[in-house]
Amino acid sequence: MAMIGGSKRGVGHREIRIGEAVLRRQLRRREMAAATVGAGRCRLSKVGAVRRPPPARVRVAVRLRPFVDGTSGANDTPCVRGLDSYSLEIANWRNHQETLKYQFDAFYGERSSQQDIYAGSVQPILRHLLEGQNASVLAYGPTGAGKTHTMLGSPEQPGVIPRALMDLLQLTREEGAEGRPWALSVTMSYLEIYQEKVLDLLNPASGDLVIREDCRGNILIPGLTQKPITSFADFEQHFLPASRNRTVGPTRLNQRSSRSHAVLLVKVDQRERLAPFRQREGKLYLIDLAGSEDNRRTGNKGLRLKESGAINSSLFVLGKVVDALNQGLPRVPYRDSKLTRLLQDSLGGSAHSILIANIAPERCFYLDTVSALNFAARSKEVINRPFTNESLQLHVLAPVKLSQKELVGPPEAKKARGPEEEEIGNPEPLEPPASASQKFSSLQKLSSMDPAMLERLLSLDRLLGSRGTQGTPLLSTPKRERMVLMKTVEEKDLEIERLKLKQKELEAKVRAQETVDPKEKENCSPTMLRPLARRTVTVAKPLKKAVVIPLQLIQEQAESPNANIHILKKKSRKRKLEGLDATESKDKAEDCWELQISPELLAHGRQKILDMLNEGSARDLRSLQRIGQKKAQLIVGCRELHGPFSQVEDLERVKVMSGKQLESFLKANILGLAANILGLAAGQYGSPS
Ligand code: ADP
Ligand code: MG
């Protein structure tokens, strides 16, 4: 036929030529948008500062059904034909001399079997469910193009749903067998979205259900029936009667046209049999979408027309979602329809997704076919980021807590330590952590913590473990650090007290000498007396308090073998002092004090800040000087996009702050840190200029 073959120009062909470059550009653009948008949500600091999960593009397969008896145009020549197992061409309705060529991840021609589609496109993603990741299979296309045939099939030609269930149940039986590390269980739910209502097909009486999103971004439907299934017979027992509850109706194109989107949800739960008793959940959505309908052809009236309006509008929103994702728009209109809200996981979300676009060969389907192919071509550029959905079985914390008590000692000993010590915990482990369960037990006091936070900490802990981090488990590190710092501060306070006393003694001595022999005053050793007399005088900046640190303290700090941080040093420098004569000015200049940060402290401070940049949540980051909400979000966004910062200067490189801002940011934070370490609270001792 003249419409097929001919020129190589056309939408699909253009796409093939520039596909890769466009894809890369779009991916970059989307990542940038995701970084700024996602930063606002900041839910991950999910696994702390870990990189974003790797991308997995939505896979798209196209299936062309054969001519079927009873359809108008059954004796026509097909208006679409396959070129190879990836591409096809269709006549160009704008120019009959041309064809439009499309390339997908797979193309299944009219002779392809149910097994071909299942084995080629669906079976490979099932294994992800056992890794605790989500997967989705969506059948898309116009009414009568074979979506239900592909998904459900018939007893003679079973489709994707029965085949996937059969394999999945077999896989879970093998993986969850006694003696294997994980125990597995499978549940199923079945719902339809009919005229924007979510109806439970396993319990039709339950009415319209709501779709919600949990704190980790998972989409869920509270109240939806979940039936445990262990065998295919179990599945059939629930599925077959529920399928009869699905709303179907006759249209001119299909006698049993699906009037709703049908969603079969299969959850695979995994529980680790040994410590640390992790728990994983993988969700599989098998979705038979209602077809888009041209009401002039379907002859829809009344209820059918209303249904068709709901179907078309939700498919329209689906198209908008795909476009928004492809263009990296900041707002993706998932909430504009129930269907897209439910598919939030599967499109641009965390699932391994495959879209099977069903098309028909008849010429009367031509426009629907072109629009389905265009939608499929746009969908193949949607990027998902699947990640493992892992958490802790919180109910197993209690028994392990007991064993922690046993480790710590008898209850009397605990009572003797008092409640505060119990709260803070022992900074030193009583015994070196020997097993995973023992390491895990350091978390027990955190069992009252927000589970999402606990999970994040655990994931970090595991990550460090898997990278071979030696020593203290992450979770006890802040406590340990705090204890060490508190101890240092305490020691410094004592030292200051001691020196103050000494200073008072010396001042008394001087006063005594002055009264005895005023002449002797001039001959007196300057190293002892002059600094004491002037130390309380504000010299350079009258508005600010001078830092009052006895010279001896500084000398002792320098001499002390244990003092590895010296932050204060006397510095002679000349300053312009208005209103003072030259001699006075010189005199004052000698007494200027300047805060100098030792290289060790500088390095220590920079490392602390870097750690905070790489591990802190947006909230933590805001505790840093000069970091407001916007900058904190930007930092988290950049971190998720580019991975951890290797040095603090990266902040300038990724344009979070200018060079000047970076300088004052470093200065303010390192000074703050230094003051904290020495217990020099600004309010207590005056702030250094
Ligand atoms: P949809 O769900 O897209 O509206 P159906 O799956 O109900 O379409 O298919 C419409 C008709 O076409 C049905 O009678 C179905 O058996 C038949 N059909 C669809 N695809 C195929 C195929 N690949 N091989 C044989 N018959 C098919
Ligand atoms: Mg159907």
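Predicted model: local features only at pLDDT ≥ 70, side-chain atom pairs only at ≥ 80, totals over all residues.
An oxygen atom of ligand 1 sits 2.7 Å from a polar backbone atom of Gly 144. Residues are numbered from 1 along each chain as its sequence is written, ligands are numbered from 1 in the order in which they are written, and side-chain values use heavy atoms, with hydrogens and water left out.

**Around the ligand**

| Residue | Distance from its polar backbone atom to an oxygen atom of ligand 1 |
|---|---|
| Gly 144 | 2.7 Å |
| Gly 146 | 3.0 Å |

The ligand has 13 residues around it, and Gly 144, Gly 146, Lys 147, Thr 148 and His 149 come nearest. A residue belongs here if one of its heavy atoms lies within 4 Å of the molecule. By class, this shell has four nonpolar, six polar and three charged residues, with Gly counted among the polar ones. Helix H3 (residues 147–151) gives the most to the shell, with three residues. Helices are DSSP runs of at least four residues, and strands are runs of at least two.

**An enclosed strand**

Now to strand E2 (residues 59–64): five of its six residues are buried, so the strand is largely enclosed by the rest of the structure. Buried means under 20% relative accessible area, with a 1.4 Å probe and protein chains only. E2 runs parallel to strand E17 (residues 351–359), joined by six bridges, and Leu 64 stands opposite Ile 359 there. E2 also runs parallel to strand E6 (residues 106–108), through three bridges, with Val 62 opposite Phe 107. Two strands pair if DSSP finds at least two bridges between them.

**A buried loop residue**

Is Asn 92 buried or exposed? Asn 92 counts as buried because its relative accessibility is 7%. This residue lies in the loop between strand E4 (87–91) and strand E5 (99–103). The side chain of Asn 92 makes a polar contact with the side chain of Glu 98, at 3.0 Å. Beyond its neighbours within four places in sequence, Asn 92 is in contact (heavy atoms within 4.5 Å) with Glu 98, Thr 99, Leu 100 and Tyr 366.

Methods
Polar contact = N/O pair within 3.5 Å; in protein donor to acceptor, adjacent residues only side chain to side chain. Buried < 20%, exposed > 50% of the residue type's maximum accessible area, 1.4 Å probe, protein only.
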